[in-house]
Amino acid sequence: MIDLSINGRQYSLQVDADTPLLWVLRDHLGLTGTKFGCGVAQCGACTVHVDGKPVRTCVTPIGALAGSHVLTIEGLASDGLHPVQQAWQEMDVPQCGYCQSGQIMSAVALLQETVLPTDAAINTAMKGNLCRCGTYKNIRAAIHRAAQLQAQAKK
């Protein structure tokens, strides 16, 4: 039995400790916003936050997460949109959309550590998230816009 919090809700999960978090989220809990991409932590499509830090769920065994707090794209905003999600919509970022939940989770993590990131900081933070459609320019613009939205919300 593995006890952990996912999106603020407590779970006691009876799964093999080696099961990747990705499959627990998708197959056991029905949280399908987190996507399977490469399966080897190279594309970032499966990114969620564990205890506030971005992790690749495809290579993170559930057994290593007992007592942890997991945040998925489904739990990012309890009412309305998170500023990053709002910026994503405003900047019309997604094309196929497959990588977007992982991109958004990595962007949220960046903005939690760096309030007003430079282009270079964004490129560094997001380099582990691949987009087959090549929307990197729009992703960078959306992160800048999200930073503005967060700053306005604090005023």
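Trainee: At what angle do the axes of helix 2 (residues 83–90) and helix 5 (residues 136–154) cross?

Mentor: The two axes, lines fitted to C-alpha atoms over the stretch in contact with angles from 0 to 180 degrees between N-to-C directions, come within 8 Å and cross at roughly 130°. Angles under 35 degrees count as roughly parallel, over 145 as roughly antiparallel, 65 to 115 as roughly perpendicular and the rest as oblique. Helix 2 and helix 5 are therefore oblique to each other.

Trainee: Which residues of helix 2 and helix 5 make the contact?

Mentor: Contact means heavy atoms within 4.5 Å. Helix 2 contributes Pro83, Val84, Gln86, Ala87, Trp88 and Glu90, while helix 5 contributes Ile139, Ala142, Ile143, Arg145, Ala146, Leu149 and Gln150.

Mentor: This is a predicted model, in which local features need pLDDT of at least 70 and side-chain atom pairs count only at pLDDT 80 or more, whereas totals for chains, interfaces and linings use all residues. Residues are numbered from 1 along each chain as its sequence is written, and side-chain values use heavy atoms, with hydrogens and water left out.

Trainee: How far apart are the axes of helix 2 and helix 3 (residues 100–113)?

Mentor: Their axes lie 9 Å apart, and the helices pack at an angle of about 125°. Helix 2 and helix 3 are therefore oblique to each other as well.

Trainee: Which residues meet in the packing of helix 2 against helix 3?

Mentor: Val84, Gln85 and Trp88 in helix 2 face Gln100, Gln103, Ile104, Ala107, Val108 and Leu111 in helix 3.

Terms used:
Helix = DSSP H or I, 4+ residues; strand = E, 2+ residues; numbered from the N terminus.
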